[in-house]
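Please look over the protein model below.

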Amino acid sequence: MVAAGRRGADAGPSTVARWWDRLVAALRDRVRRVRTIGGLALQAGLAAALSWLVAHSLLQVSQPVFAPISAVSTLAASVGQRLRRTVELIIGVTVGVLIGDLLLLVIGTGWWQLALIVVLAIVVALFLVGSAAVVIQAGATAVLIATLSPAVRDLEIPRFVDALVGGGVALLVTAVLLPLNPLRVLNRAARPALDLLATQLDATAEALAERDAALARTARGELRQSAGQLKAFVEATQGAREASTLSPVYWHQRHGPVGRYAQAAEPIDRAMRNSGTLIRRSVTLIEDGEPVPKSLPTAVADLADAVRLLKRQFAAGAEPNRAREQALRAVRTAGHAYRDGVGFSGAVVVAQVRTTVSDLLVASGLNQEDANHLVRRIFGDL
């Protein structure tokens, strides 16, 4: 009874600590999210205000409601797709206006006419482009034309002008007035994915050294959460390319650090997948009681250090030479482990170290053939 009571007393603080850790992690995630999209909020506010001023003061649109809506809609698109979203916005509005006007002349107004106009506008938009943004704009514009045209005269031209003004001002704000630093966008998106990969490789190295299968399983489970972070990284590469193409301030980065960084998304994705196989095989290796030479966990730890160096050198906009050297050190150590004697799963872990290093070398800017040649040479004879 006393022991049970003591366990209950210990469980209380432990539960509170877990809840506190979750709360702190959630708050950090919210703060990180605000920091990530804070620039977008400023861009949206500036674009909404400018588009209203342009439509109202310069073009004399009496109620330029749709200009700021169009600007915010353009900026709300995934970073890297804003130019495309502007074109889609204009196409959708044009389709909605044309279909709405033509059908109103023929069939008049009413509930069933509204339904028919919306259906046809969406079908035509799908046939022409097939984009969800175009379909939404075509359908929404058709609704406005069918419901407001009988009461509001000459609605079509202001609606079209608003779409042009809103999309154009959004691009102006993005490219010239308040451009986002493409290197900073990439750093913020890549950091969580690379930190996760390095942390779980470190945990796997510790699990191998301690023969702790539970720790390796935890690392495997944590790495599986990387899909969302990788998606954010890929979207950020699109945004960085767009920013460095549209904004004169960042043209010089197109073929420098931003271009190199943007090309790294695919090989880093492969490195994540290959590291997942490495960790899964580490679990099997420990559970099966296979031999673990001291050099094997060292190789995995070296691999984690290479990922961290790659992250730091990318963030600094520097040539990732040190990251390449560290990655090759992991290959050399894995070669020692292989020759020291490993079992079946151990051999797979060694092979995945080699493959992941090859991915990291490609991410650093080498071509695949050169990366493979370096890995084979550093690993040594089988």
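## Asp202 and its partner

Asp202 counts as partly exposed because its relative accessibility is 26%. (Buried means under 20% relative accessible area, exposed over 50%, and partly exposed in between, with a 1.4 Å probe and protein chains only.) The side chain of Asp202 meets that of Arg308 in a salt bridge, 2.2 Å from N to O. Here a salt bridge is a side-chain nitrogen of Lys or Arg within 4 Å of a carboxyl oxygen of Asp or Glu. Asp202 sits in helix 7 and Arg308 in helix 12, so the pair links distant parts of the chain, 106 residues apart. Helices are DSSP runs (H or I, at least four residues), numbered from the N terminus. Arg308 is partly exposed, at 23% relative accessible area.

This is a predicted model: local features need pLDDT of at least 70, side-chain atom pairs count only at pLDDT 80 or more, and totals for chains, interfaces and linings use all residues. Residues are numbered from 1 along each chain as its sequence is written, and side-chain values use heavy atoms, leaving out hydrogens and water.

## Other salt bridges

Side chains of opposite charge can pair when their charged atoms come close. How many salt bridges does a search of the whole structure find? The search finds eight. One of them joins Asp195 and Lys311, with the closest N and O atoms 2.7 Å apart. Asp195 is in helix 7 and Lys311 in helix 12, so this pair ties together parts that are 116 residues apart in sequence. Asp195 is partly exposed, at 28% relative accessibility.

Another salt bridge pairs Glu266 with Arg270, the closest N and O atoms being 3.5 Å apart. Both lie in helix 11 (residues 265-287), four residues apart, about one turn of the helix. Glu266 is exposed, at 56% relative accessible area. Arg270 is partly exposed, at 26%. Shared partners also join Asp202, Asp305 and Arg308 into one network of salt bridges.

## A cavity between helices

Rolling a probe the size of a water molecule over the atoms shows where empty space is left. The structure holds two cavities of 30 Å³ or more. A cavity is a set of points, on a 1 Å grid over the protein atoms alone, where a 1.4 Å probe fits but cannot get out. The second largest cavity has a volume of about 40 Å³; a volume is the space filled by probe spheres set on the points.

Its lining residues, which have an atom within 4 Å of a point, include Ala306, Ala323, Leu360 and Ser364. Helix 12 (295-315), helix 13 (321-340) and helix 14 each give two or more residues to this lining. Helix 13 gives the most, with three residues.

## A nonpolar patch

Leu42, Leu46, Leu172, Val176, Leu177 and Leu178 make a nonpolar surface patch of about 490 Å². Helix 1 (2-58) and helix 6 (156-177) each give two or more residues to the patch. Helix 6 gives the most, with three. Val176 lies in helix 6 and is partly exposed, at 46% relative accessible area.

## Two single residues

Is Thr356 buried or exposed? Thr356 is buried, because its relative accessibility is 0%. Thr356 lies in helix 14 (residues 344-363). Leaving aside neighbours within four places in sequence, Thr356 is in contact (heavy atoms within 4.5 Å) with Ala271, Asn274, Ser275 and Leu303.

Arg211 is in the loop between helix 7 (182-210) and helix 8 (213-223). Its phi is near 55°, a positive value in a residue other than glycine. Arg211 is partly exposed, at 40% relative accessibility.

Conventions. Patches are made of residues with over 30% relative accessible area and no salt bridge: like charges are joined within 9 Å, nonpolar side chains (Val, Leu, Ile, Met, Phe, Trp, Tyr) within 5 Å. Accessible areas come from the Shrake-Rupley method with a 1.4 Å probe; for residues, only the protein chains shown count as cover. On a 1 Å grid over the protein atoms alone, a cavity is a set of points where a 1.4 Å probe fits but cannot get out, and a pocket is an open set with protein on both sides within 12 Å along at least five of seven lines; lining residues have an atom within 4 Å of a point.
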